[in-house]
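Reader: I would like to go through this model with you, one part at a time. Could you keep the answers plain?

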Amino acid sequence: MNDNLHQLRCIGCGELISGSDALPDFRCARCGDLFEVEYAGWSQRHGHDRPNPGALKWLWRERRSSLETLDQSGVWRFRELLPILDSFGNAVTLREGNTPLYPLIRTAKTLGMDKLFAKHQGMNPTGSFKDTGMTAALSVAHERGFEWVACASTGNTSAAMAAYAARAGLRSLVLIPEGKIAWGKLSQAMDYGAVTCQLKTDFDGCVRVLTEIVLEAPIYLLNSVNPYRLEGQKTPAFEIAEAFDWTVPDHLIVPGGNLANSSALGKGFRELYELGLVARVPRISVIQAEGANPLVRSFAASNGAAMEPVEAHTRATAIRIGNPASWRKAARVIKETGGWCLDVTETEIAIAKAELGAEGLGCEPASAVTLAGLKKLRADGKVAPGETVVLLLTGHTLKDADYTIDFHRGTLLNEQEIAGHEADVNALRRNAVSVDATPSAVLSALKGSA
Ligand code: F0G
């Protein structure tokens with residue numbers, strides 16, 4: 001069966017190439033920009049030739065009760081909108097996607113809103129949103145017969161890649177910045193059998209080294225410059241639209257690191273709109289950490305037309321990225337959807353993360369920028385009380401347990417960072433206490449916490 005219907009279009013010069021003609025670094029040979037997957041015929045098809053929206057919506061929902069492996073994936077159950085494989089039989093899946101959409105009742109009340117939700121992509125098999133992109137791109141690597149796959153990573157991509165490679169029987173090479181990724185993520189790469197190299201550089205340095213490697217050796221690059229990653233990462237847009245019965249929310253708020261995820265979600269909603277499955281697209285806003293904010297600076301300086309790399313610093317290690325590859329794609333999504341791009345401080349991230357923890361959800365620090373950003377947007381009057389807003393939580397709280405423990409022990413933020421936020425921080429901190437092994441000692445600890 002040949003299910004493959006796609007080509008790759010350069011977002012810079014418009015060059016159209018076939019998928020198998022992409023260079024190993026996925027850069028355009030003409031202008032050096034990135035590619036986007038395009039499906040032959042979607043835009044030209046009219047009337048009866050176009051996919052039938054009602055039939056697709058019915059089929060995708062039916063698959064949720066199917067016993068077929070592919071149908072049980074929250075990525076591949078939407079396979080009509082990602083025909084990137086010659087045969088879907090080659091898909092490598094860990095039953096990713098189908099993640100929960102939780103109402104954030106307490107946080108909504110505090111912010112004076114009624115409809116606030118968290119789409120928790122940390123509930124994926126390896127604990128982050130990267131699984132949805134990895135099932136797509138690794139399946140392409142598998143189908144094309146590669147033995148080795150590789151990525152540079154701040155931790156989550158490497159965890160996902162190592163797991164999917166192991167499932168497919170491929171070898172994987174991970175380049176990570178030494179000492180700058182959370183232990184949970186490093187442990188996953190080891191556990192799933194990757195060759196893990198810690199380089200004495202940052203994420204951007206790891207990307208530079210890996211780009212040179214793939215131009216020399218037959219290793220398939222699985223960073224998000226690989227456009228197939230984005231095809232998987234667009235599917236949460238379909239899940240969100242489906243969860244709202246195909247009336248999309250007003251606003252989606254996404255963390256920004258290498259800026260592929262915001263790009264992918266924008267593509268997902270755009271395709272739903274172009275195919276007539278939804279009547280509009282949500283506003284998509286991107287939030288960065290203040291110390292790793294090249295896109296925010298780009299919007300301030302040139303409304304997203306040019307970007308200067310920065311040296312990145314933030315405790316939200318997942319988004320410690322100074323030279324994001326997909327910035328042009330993300331800038332386009334923000335502008336086309338009327339979203340905003342803003343940054344938040346380390347203190348705002350820590351407080352927002354603790355608030356999401358206190359809602360019983362939890363997430364990793366990089367995910368919490370979404371709530372910190374929403375608070376700013378509410379304060380600036382850019383989000384109205386009646387709007388439906390979805391925060392995209394990208395990673396599981398257990399990914400970076402050290403950060404959480406440091407916050408609750410009071411060792412995360414320094415005095416300067418806490419100044420002015422004492423009340424918020426103290427209300428949220430729940431340190432573990434050592435007590436004698438007697439009921440009365442435990443009961444008095446209870447009284448102390450009231
Ligand atoms: N949130 C988490 C938990 C992440 O791991 C990342 C990126 C992002 C947000 C930002 O997404 O890069 O698409 O803008 N992590 C990468 C990695 C870079 O290597 O795991 P983005």
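Reader: To begin, how many of the five residues of strand β6 are buried?
Author: Four of the five residues of β6 (residues 148-152) are buried, so this strand is largely enclosed by the rest of the structure. Buried means that 20 or more other C-beta atoms lie within 10 Å of the residue's own, exposed means 12 or fewer, and partly exposed is in between, with C-beta atoms placed from the backbone. Strands (E, at least two residues) and helices (H or I, at least four) are DSSP runs, numbered from the N terminus. The model is predicted: local features need pLDDT of at least 70, side-chain atom pairs count only at pLDDT 80 or more, and totals for chains, interfaces and linings use all residues. Residues are numbered from 1 along each chain as its sequence is written.

Reader: In which sense do β6 and β7 pair?
Author: β6 pairs with β7 (residues 171-177) in the parallel sense, over five bridges; two strands pair if DSSP finds at least two bridges between them. Cys151 stands opposite Val174 in β7.

Reader: What is the strand order in the open sheet of six strands?
Author: The order is β4-β5-β13-β10-β11-β12, with mixed pairing. β4 (101-103) and β12 (341-344) are the edge strands, each pairing on one side only. From one strand to the next the twist averages 25°. Within this sheet, β10 (residues 251-255) and β13 (residues 388-393) run parallel and are joined by three bridges, and Ile253 stands opposite Leu391 in β13.

Reader: Which strands does helix α10 touch?
Author: Helix α10 (residues 294-302) packs on the sheet, touching β11 (283-289) and β12, and its direction makes about 130° with that of β12. Contact means that C-beta atoms, placed from the backbone, lie within 7 Å. Axes are lines fitted to C-alpha atoms, for helices over the stretch in contact, and angles run from 0 to 180 degrees between N-to-C directions.

Reader: And α11, why is it called largely enclosed?
Author: Helix α11 (residues 327-337) is described that way because eight of its 11 residues are buried. Among them are Trp327, Arg328, Lys329 and Ile334. The buried residues of α11 pack against α9, β11, α10 and β12. Just after the helix, Gly338 takes a positive phi of about 75°.

Reader: Changing topic: at what angle do α12 and α13 cross?
Author: The axes of α12 (residues 346-358) and α13 cross at roughly 95° and come within 8 Å. The two helices are therefore roughly perpendicular to each other; that label covers 65 to 115 degrees, while angles under 35 count as roughly parallel, over 145 as roughly antiparallel and the rest as oblique. In their contact, residues including Ile349 and Leu356 of α12 meet residues including Val369 and Leu371 of α13.

Reader: What classes of residue make up that contact?
Author: The contact of α12 with α13 has eight nonpolar, no polar and three charged residues. Ala, Val, Leu, Ile, Met, Phe, Trp, Tyr, Cys and Pro count as nonpolar, Asp, Glu, Lys and Arg as charged, and the others, Gly among them, as polar.

Reader: Which residues come nearest to the ligand?
Author: Of the 22 residues around the ligand, Ser153, Gly257, Asn258, Thr394 and Gly395 come nearest; a residue is near a molecule if its C-beta atom, placed from the backbone, lies within 6 Å of it. The residues of the shell divide into six nonpolar, 14 polar and two charged. Helices α4 (156-168), α9 (260-274) and α13 (365-379) each supply at least two residues of that shell.

Note on methods:
Contact = placed C-beta atoms within 7 Å.
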